[in-house]
Amino acid sequence: MTLSFFGAAGGVTGSCVLLETPREKIMIDCGFFQGDKQLEEKNDDPFPFNPPELSAVILTHAHLDHCGRIPRLCAEKLRCPIYTTAPTLDLAEFILLDAAEISVHRSKRSGRPSLYTPADVHGSMRHFTPIAYHEEVRVGPDVSFHLIDAGHILGSASIVVRAEGKTIVFSGDLGNTPAPIIRPTEYPDHADIAIIETTYGDRLHHGREDRRETLKAAFQKTINEKGVLLIPAFAMERTQELLHEIDHFIEHQEIPAIPVFLDSPLAIELTHVFEKHVAFYGEKERQHFSYDNFYKFPSFEMTATQEDGRMIEQTPPPKVIIAGSGMLQGGRILGHAARYLPSSTTTLLIVGYQAEGTLGRRLLDGEKRVRINGREIDIRAHIEEIDAYSAHADQKQLLTWLQHIHPTPLKIFLTHGEPTPSRVFAEKVKLSFGIDATIPREGLSYILAS
């Protein structure tokens with residue numbers, strides 16, 4: 001058996017791993033590369049494998065860096081099913097349609113072919129097969145798998161593969177557990193080989209109470225200064241968590257009900273998907289939702305259309321604007337950023353991971369003059385960050401996931417991390433388990449068993 005890493009190796013994005021046995025070829029994820037222009041151009045590269053030869057594709061969750069290239073995969077005569085959970089199927093359709101529309105728009109501007117179209121997305125959805133957590137799926141005579149809850153976002157999964165007498169566990173992205181709304185991370189109890197993400201392998205998140213207090217303080221500062229609170233939020237999970245948190249604050253009179261706008265058609269559609277899949281919530285949230293839809297609260301407006309969006313400009317401060325994209329690489333947040341970041345009464349609150357090269361990372365790193373939508377913008381706004389809103393496990397949580405595996409895996413591969421977090425986590429693995437973890441290189445294959 002071999003593992004080949006075609007993305008998220010030496011970096012965070014572009015998830016794509018191929019597990020090959022003598023008879024079967026299983027693809028884990030097929031996601032976008034995200035970050036600077038050079039990295040994103042890799043999405044156009046030919047696949048380094050033959051899609052019609054795949055026996056199965058398993059999608060861990062619906063984030064674009066895990067599912068973004070699936071329509072391309074299907075367009076190249078993919079014959080096998082794409083297995084995932086029911087929420088991931090519904091979420092991925094909206095995520096991929098949004099990516100297709102962006103690709104078509106960029107194609108018109110640049111003259112280059114679009115990566116795929118909405119029609120390609122609709123065609124790819126015919127390959128999807130929803131399965132339940134713990135449902136055993138047989139791929140071949142000696143290969144089967146099941147999913148367990150990764151606790152990362154709604155419907156996210158880790159994958160437990162049994163092949164050629166070995167158990168191989170792919171963590172997918174692991175959650176910052178316990179998290180609002182969704183169930184806690186589920187741990188595998190056995191693995192001969194473990195592939196684990198290391199996005200935050202070198203750091204610990206702030207406590208949840210610190211997170212809530214920081215968010216509340218940002219609201220209060222905005223109210224006191226009659227300013228604008230900009231929150232570039234990922235349309236999926238982060239946005240819904242924020243709405244849940246704000247609803248709690250208002251319900252318990254911890255903050256006044258100032259205008260809050262969700263200015264993202266994608267986030268609005270995904271919030272409706274969250275309303276559909278309440279069965280995947282944690283028990284407390286399921287009970288709460290039965291009598292209070294926490295995605296709706298006083299002074300909250302969803303602005304799906306451009307016409308709706310004019311309401312935001314016409315509303316005087318103080319006000320809160322939640323919009324995508326989460327790394328400020330596109331979307332409606334850019335228009336708001338250009339308008340409000342030059343003001344000292346604006347707070348830009350970063351609530352998620354910012355990849356190298358993105359505008360969000362550059363602002364966090366302290367750049368005071370940036371180019372947005374063709375304009376040079378001077379930054380006078382306050383830039384703040386709450387890393388505890390990350391949907392990713394931190395170093396301690398990653399180690400806890402490995403500690404639940406008995407005995408310790410024979411081989412551990414570290415993926416989905418920039419070089420420093422991966423190296424730091426490799427040292428922690430060595431200290432904790434006495435194993436030299438492998439940080440795979442993109443494009444290389446590693447023998448698991450012969």
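Residues are numbered from 1 along each chain as its sequence is written, and side-chain values use heavy atoms, with hydrogens and water left out. Because the model is predicted, local features need pLDDT of at least 70 and side-chain atom pairs count only at pLDDT 80 or more, while totals for chains, interfaces and linings use all residues.

Colleague: What volume does the second largest pocket have?
Modeller: On a 1 Å grid over the protein atoms alone, a pocket is an open set of points with protein on both sides within 12 Å along at least five of seven lines, whereas a cavity is a set of points where a 1.4 Å probe fits but cannot get out. Grid points are joined across faces, edges and corners, and a volume is the space filled by probe spheres set on the points. For the second largest pocket this volume is about 400 Å³.

Colleague: Which residues of its lining are the closest to the centre of the second largest pocket?
Modeller: Lining residues have an atom within 4 Å of a point. Of the 16 residues that line the second largest pocket, the closest to its centre are Arg-212, His-244, Glu-245, Lys-284 and Glu-285.

Colleague: Which helices each supply at least two residues of that pocket's lining?
Modeller: Helices (H or I, at least four residues) and strands (E, at least two) are DSSP runs, numbered from the N terminus. In the second largest pocket, the elements that each supply at least two lining residues are α6 (208-224), α7 (238-251) and α9 (283-291).

Colleague: How many charged residues does the lining of the second largest pocket have?
Modeller: Ala, Val, Leu, Ile, Met, Phe, Trp, Tyr, Cys and Pro count as nonpolar, Asp, Glu, Lys and Arg as charged, and the others, Gly among them, as polar. Beside 4 nonpolar and 4 polar residues, the lining of this pocket has charged residues numbering 8.

Colleague: Which strand gives the most to the lining of the largest cavity?
Modeller: The count comes to 3 cavities of 30 Å³ or more, and about 110 Å³ of space lies in the largest cavity. Of the 17 residues that line the largest cavity, the closest to its centre are Val-17, Gly-172, Ile-195, Thr-415 and His-416. With 3 residues, the strand that gives the most to this lining is β11 (residues 193-197).

Colleague: Where do Lys-216 and Glu-213 lie relative to each other in helix α6?
Modeller: A salt bridge is a side-chain nitrogen of Lys or Arg within 4 Å of a carboxyl oxygen of Asp or Glu, and Lys-216 forms one with Glu-213, the closest N and O atoms being 3.4 Å apart. Because they are 3 residues apart in helix α6, their separation is about one helical turn.

Colleague: Is Arg-72 buried or exposed?
Modeller: The side chain of Arg-72 meets that of Glu-76 in a salt bridge (3.5 Å, N to O). Buried means under 20% relative accessible area, exposed over 50% and partly exposed in between (1.4 Å probe, protein chains only). Glu-76 is partly exposed at 31%, whereas Arg-72, with a relative accessible area of 10%, is buried.

Colleague: Which residues are linked with Arg-371 and Glu-376 in a network of salt bridges?
Modeller: Arg-371 forms a salt bridge with Glu-376, the closest N and O atoms being 2.9 Å apart. Arg-371 is exposed, with a relative accessible area of 52%, and Glu-376 is partly exposed at 40%. The network that links these two also holds Arg-369 and Asp-378.
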